[in-house]
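Q: Please take one part of this model and look at it closely, strand by strand. I would then like to see how that part sits within its chain and beside the rest of the assembly.

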Amino acid sequence: MRFENVAMRYGAGPEVLRDITMHLVPGSFHFLTGPSGAGKTTLLRLIYLAEHPTRGSVSLFDQDAARLPRRALVPLRRRIGIVFQDFRLVDHLSAFDNVALPLRVAGIDEGRVRSHVTELLEWVGLADQLDARPATLSGGQKQRIAIARAVIAGPSLLLADEPTGNVDDAMAERLLRLFEEMNRLGTTLVLATHNEALVARRPHPRLHLDGGRLAVAPARAGGSA
Amino acid sequence: MRRRGLDIPFDRDGSGRFLPWLIALMVYLAALATSGALALDRALARWDTGLAGTLTVELPPDASSGTGKGSLAAAVRTIAATPGVRSARPLTRADMGKLLAPWLGPDLPPDELALPQLIDVRIDLAHGVDLAAMRAALAKAAPDAVLDDHRLWLGRLAALIRTAEATAIVIVALIGAAAVLTVIFTTRTGLSVHRDVIELLHLMGARDGYIAAQFQRQALRLGLGGSLVGLALALATLLALVHAGAAAAVLGERALPLPTVNLVAFDWALLCVLPAVAAALAMVTARLTVLRALSRMP
């Protein structure tokens with residue numbers, strides 16, 4: 001993933017991101033930190049192709065997103081998993097169907113969908129909630145479903161916006177181990193968080209946004225990126 | 001087995017609640033307009049066929065009596081001698097009485113009215129008849145005779161019916177356009193209401209066709225349900241008119257002047273296709289509306 005002099009503004013408002021230049025190599029793991037309003041969510045939206053930058057260029061998987069026709073963005077999007085800060089679970093679908101969405105969208109046959117989703121929901125401790133609707137679940141359970149949905153298709157790039165914000169420390173550790181396991185298997189990760197303690201315990205480099213500008217803190221000794 | 005429904009929660013969307021009823025009303029009106037056009041077309045064809053093998057020759061009132069009697073006989077002979085004519089029969093006073101009964105009543109005074117003499121001419125349709133030659137021969141044998149091949153009357157009637165049919169077709173087209181606009185409005189509302197889910201599917205890598213398929217399935221479901229209700233109401237109305245027409249025929253002149261609906265099996269079948277057409281129209285409109293809206297997403 002490569003950003004070259006990227007800036008972003010919404011409508012006629014001020015630039016929420018400016019002069020962002022970065023290059024994340026495949027298989028890297030970065031924390032994305034910064035105060036509220038620093039532009040973390042906007043940066044993630046640019047990465048997962050929900051927005052076009054006001055200026056500059058965004059390249060994903062060695063392809064300049066701005067130069068690709070719309071239909072060519074579909075396979076790129078299928079390689080990206082997203083954990084939204086507000087989960088964005090579909091209320092009328094069960095936990096099973098929410099997690100199954102990326103596979104069904106990609107046209108995976110129902111037999112494989114069933115086995116993959118069941119296995120993953122067991123792994124995140126929600127095997128007994130397959131048919132539960134999001135409205136009946138706790139914040140932590142919703143978050144685990146959102147994470148399961150993001151990783152179910154085995155994405156090359158996983159973007160997570162505060163993925164551990166609603167779970168206890170034990171579950172946060174467990175989820176981070178899942179992310180790190182995926183990272184070891186080759187998935188590139190960008191994890192936005194306010195949790196300084198979590199960042200401090202991990203060796204991964206940090207992308208720090210402040211006032212719409214980016215600073216990159218290198219990996220601490222013993223880091224994996 | 002877990003049931004696989006639509007990803008977009010249309011059931012929680014109030015915008016689609018009225019669509020089936022609007023489509024039911026539109027299909028009802030379209031079915032009545034279509035059946036009206038079909039009934040007029042059938043009536044015109046029936047009159048055309050009924051009159052195609054006949055001619056009427058009219059002579060002045062005194063042709064059947066006194067000195068004029070010779071010209072009636074001459075006219076009948078001349079017509080009968082024309083190639084292609086099967087028969088030429090002067091109408092009797094009793095025949096004229098039956099023809100005029102609707103206007104003058106059944107007790108027509110036998111000889112008090114000066115009525116023209118009519119000759120009913122039957123033509124062999126397989127061979128046809130040279131009307132110009134018949135007119136020329138009649139002009140010599142009975143100069144006062146007037147040959148009426150009904151074309152003028154039928155032509156005017158046909159023009160009137162064609163205008164009514166065109167009006168019915170325009171009405172059906174306007175109803176179709178209104179249905180399309182209704183579906184567009186409902187679909188756009190649905191796109192707005194379900195923006196979050198649509199963006200989620202889009203970001204997961206759903207193709208535009210995948211999202212459009214959800215809307216088109218919903219439009220098909222609502223459109224088919226509504227149009228079946230509309231068709232059922234229209235068929236009930238038409239059957240009521242058919243029965244009322246039959247009852248009026250039995251009562252004769254004492255009945256109220258009700259429109260008669262004479263549709264053949266093909267016409268009824270055509271009406272039964274209307275729900276499929278309406279549902280397909282709704283489905284295609286929804287699909288195109290969604291694809292157009294999605295094309296504006298990044």
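A: Strand β1 (residues 54-59) of chain B is joined to β4(B) by three bridges, and the two strands run antiparallel. The model is a predicted one, and the description that follows should be read with that in mind. One residue pair shows where these two strands meet: B:Glu58 has B:Val146 as its bridge partner in β4(B). The pair belongs to an open sheet of four strands in chain B, whose order is β2-β3-β1-β4 and whose pairing is antiparallel. Because β2 (85-90) and β4 (146-148) of chain B each have a single partner strand, they stand at the edges, and one side of each is left without a neighbour in the sheet. Direction ignored, neighbouring strands of this sheet are turned by 20° against each other on average.

The sheet is set into a chain with eight helices and four strands, and along the sequence these elements follow the pattern α-β-α-β-α-β-α-β-α-α-α-α. Among contacts in chain B between residues at least 6 apart in sequence, 84% join residues at least 24 apart. Of the 298 residues in chain B, 30% are buried.

B:Arg93 counts as partly exposed because it has 13 C-beta neighbours inside 10 Å. Its C-alpha lies 21 Å from that of B:Ala142, a residue 49 places away in sequence. The twelve residues of α3(B) span only 14 Å between their end C-alpha atoms, short of the 16 Å that a straight helix would reach at 1.5 Å a residue. After α3(B) comes B:Gly105, which has a positive phi near 90°.

On the side of chain A, A:Ala148 touches A:Val99, A:Leu120, A:Leu121 and A:Val124, residues up to four places away in sequence not being counted.

Between the two chains, 15 residues of chain B are in contact with 19 residues of chain A. Helix α6 (residues 195-203) of chain B gives the most to the side of chain B that touches chain A, namely five residues. By class, that side of chain B has nine nonpolar, one polar and five charged residues.

Four strands of chain A form an open sheet in the order β2-β1-β4-β5, with antiparallel pairing. Its edges are β2 (15-23) and β5 (63-64) of chain A, each with a single partner strand, so one side of each is left without a neighbour in the sheet. Strand β1 (residues 2-9) of chain A is joined to β2(A) by five bridges, the two running antiparallel, and A:Arg9 has A:Glu15 as its bridge partner in β2(A). Helix α1 (residues 40-47) of chain A lies across β1, β2 and β4 (55-60) of chain A and runs at about 55° to β2(A).

Conventions:
Residues are numbered from 1 along each chain as its sequence is written. Chains are lettered from A and ligands numbered from 1 in the order in which they are written. This is a predicted model: local features need pLDDT of at least 70, side-chain atom pairs count only at pLDDT 80 or more; totals for chains, interfaces and linings use all residues. Two residues are in contact if their C-beta atoms, placed from the backbone, lie within 7 Å. Ala, Val, Leu, Ile, Met, Phe, Trp, Tyr, Cys and Pro count as nonpolar, Asp, Glu, Lys and Arg as charged, and the others, Gly among them, as polar. A residue is buried if 20 or more other C-beta atoms lie within 10 Å of its own, exposed if 12 or fewer, and partly exposed in between; C-beta atoms are placed from the backbone. The expected span of a helix is 1.5 Å times one less than its number of residues. Two strands pair if DSSP finds at least two bridges between them. Axes are lines fitted to C-alpha atoms, for helices over the stretch in contact, and angles run from 0 to 180 degrees between N-to-C directions.
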